[in-house]
There are 2 protein chains.
Amino acid sequence: MAKDIKRLDPNAKIYGVDNDPQHLDEALALGLIDIKSDYDELHLANIVIASIPVDVMLTELPIILDAVNDDCLVIDAGSTKFALCKSLTDHPKRRNFLACHPIAGTEFSGPSAAIERLYEGKTNIICEVEKTAFKLQEIALELFRKMGMRIRYMNPEAHDKHIAYVSHLSHISSFMLGKTVIEKEKNERDIFDMAGSGFESTVRLAKSSPAMWTPIFQQNKENVIETLEEYIENLQDFKKLLLNEDYEGIYNEMNNTNKIKGILKGIPLNK
Amino acid sequence: MAKDIKRLDPNAKIYGVDNDPQHLDEALALGLIDIKSDYDELHLANIVIASIPVDVMLTELPIILDAVNDDCLVIDAGSTKFALCKSLTDHPKRRNFLACHPIAGTEFSGPSAAIERLYEGKTNIICEVEKTAFKLQEIALELFRKMGMRIRYMNPEAHDKHIAYVSHLSHISSFMLGKTVIEKEKNERDIFDMAGSGFESTVRLAKSSPAMWTPIFQQNKENVIETLEEYIENLQDFKKLLLNEDYEGIYNEMNNTNKIKGILKGIPLNK
């Protein structure tokens with residue numbers, strides 16, 4: 001986002017705040033930020049973008065809101081929305097906050113993982129838009145529009161339920177697939193020499209940051225367990241078809257799922 | 001392969017044989033083949049590349065071997081090797097055949113899915129190399145070298161066991177992930193609007209051809225069931241950690257699997 005903001009407004013002055021001093025140095029060296037800063041300067045900000053793990057988001061956002069000036073827009077970019085929106089309900093500066101989930105990114109983290117124009121054609125879910133001051137909504141939407149985002153409005157419960165299927169479950173499936181093959185590899189040396197792009201595609205997300213994903217699974221526990229149970233059941237059914245040598249059934253399972261081709265056509269790819 | 005052969009040897013004359021007349025017309029129009037042909041002309045061939053589903057491979061390869069001349073090299077490109085190698089053990093022209101599995105390709109099928117230079121840096125598993133006439137091995141290896149393939153030699157049992165982990169399981173995980181989300185979508189309209197590149201990556205293989213994959217699962221049934229059981233067990237363990245709110249355990253699971261980063265570095269990407 002910092003990259004895009006600098007591109008869209010060369011006069012923008014970007015203050016970076018990070019727990020990790022190395023990341024701040026890196027962000028400065030990469031030109032992502034102009035100034036290394038801290039919470040003491042939050043009152044100067046026009047816009048604050050909070051991009052931190054969703055557990056610390058719950059503790060940090062109230063502090064950030066307390067510190068900013070009355071005209072400052074605060075947005076987040078976390079993968080869960082229910083716990084955060086709930087925790088901020090009664091905050092005196094709730095109207096300064098816009099709850100966002102831009103659905104974009106890669107399995108990589110840190111300043112060097114930033115990608116310019118990442119958001120072009122990507123969906124940004126906004127929750128509880130009516131709770132944000134109208135003037136600040138306008139500022140946010142103008143920025144998102146310039147970045148090329150498609151906006152969808154949703155309530156936090158629906159967001160967390162849906163995103164469990166199309167994002168959180170994919171990460172678990174990927175991590176456990178990686179684990180299954182790594183466990184095997186202890187005894188079978190040649191296995192990774194045989195891995196092709198299909199394997200790479202299905203385990204790509206297993207490179208994701210545990211520090212980012214543990215609190216996501218924690219906050220969305222109930223929805224994630226539901227998706228996981230349905231997924232395990234489908235895998236068990238597939239195994240049963242194999243055990244019963246029901247190859248017509250296996251063909252039909254795959255054929256029915258092939259319609260994902262049409263569905264995926266609408267998803268912009270970005271690795 | 002036809003694309004690469006034409007590039008490497010502009011004088012090569014490529015005869016196309018296909019059950020589906022539309023595919024033959026398409027291949028001709030795309031310049032993949034020079035002549036639409038059939039088994040009656042097999043005796044003219046220097047090299048035959050059999051690229052058909054692995055079940056019909058078992059019935060067609062003996063017929064092809066019967067028809068070719070004594071100096072013809074016949075190679076296959078199937079994802080299973082044990083059943084095929086076993087079925088050809090006593091064929092009088094066994095020495096004309098080289099059992100191959102070039103690990104490359106995409107989820108798409110048909111002539112229009114062909115990709116030039118697909119094999120650059122990709123692994124090609126060769127099984128039972130000692131059963132192929134030395135002169136024909138040389139011809140095959142020279143061709144593979146020019147295409148940029150890395151060659152690995154393996155016995156058919158080991159091939160089928162390993163490939164179940166790094167390819168066949170990925171396809172099942174992808175198909176069942178797609179199914180889980182499609183089932184949900186019946187009631188939840190907005191779900192695919194929220195899908196990003198992470199979801200796309202994990203379900204990409206669910207676009208694969210059921211006609212190609214059903215016989216692969218059939219021929220490699222026992223190995224595939226073993227991998228599927230280990231995968232389901234790992235998913236169930238992950239679910240248990242979530243149910244027990246053991247977030248340290250979840251963090252460790254993901255952290256341990258992160259080492260896939262280093263492992264995947266060696267895999268050439270090709271979508």
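1. Domain bounds here come from an automatic or database domain assignment. The model is predicted. For chain A the assignment gives domain 1, residues 2-154, and domain 2, residues 159-264. The C-alpha centres of these two domains of chain A are 31 Å apart.

2. Five strands form an open sheet in the order E3-E4-E5-E6-E7 (chain B), and their pairing is mixed. Strand E3 (47-50) and strand E7 (150-154) of chain B are at the edges with a single partner strand each, so one side of each has no neighbour in the sheet. On average, and with direction ignored, neighbouring strands of this sheet are turned by 30° against each other.

3. Within that sheet, strand E4 (residues 73-76) and strand E5 (residues 97-102) of chain B run parallel and are joined by two bridges. Which residue of E5(B) is the bridge partner of Ile75(B)? The partner is Leu98(B).

4. Helix H6 (residues 156-185) of chain B lies across E5, strand E6 (123-127) and E7 of chain B, at about 145° to E6(B).

5. The largest nonpolar core has 126 residues, of which Val74(A) and Val74(B) touch the most other members. Leaving aside neighbours within four places in sequence, Val74(A) is in contact with Val48(A), Ala50(A), Ile64(A), Leu65(A), Val68(A), Asn96(A) and Phe97(A).

6. The last point concerns the two chains. 83 residues of chain B are in contact with 83 residues of chain A. Elements giving two or more residues to the chain B side include E6, E7, helix H7 (197-203), helix H8 (210-219) and helix H9 (221-243) of chain B. Also among them are helix H10 (247-257) and helix H11 (260-264) of chain B. H6(B) gives the most to this side, with 20 residues. The residues of the chain B side divide into 43 nonpolar, 24 polar and 16 charged.

Terms used
Residues numbered from 1 in each chain as written. Chains lettered and ligands numbered in written order. Predicted model: local features only at pLDDT ≥ 70, side-chain atom pairs only at ≥ 80, totals over all residues. Core = buried A, V, L, I, M, F, W, Y, C linked by C-beta atoms within 7 Å. Buried ≥ 20, exposed ≤ 12 C-beta atoms within 10 Å, placed from the backbone. Contact = placed C-beta atoms within 7 Å. Pairing = 2+ DSSP bridges. Helix = DSSP H or I, 4+ residues; strand = E, 2+ residues; numbered from the N terminus. Axes fitted to C-alpha atoms, helices over the stretch in contact; angles between N-to-C directions. Nonpolar A, V, L, I, M, F, W, Y, C, P; charged D, E, K, R; others polar.
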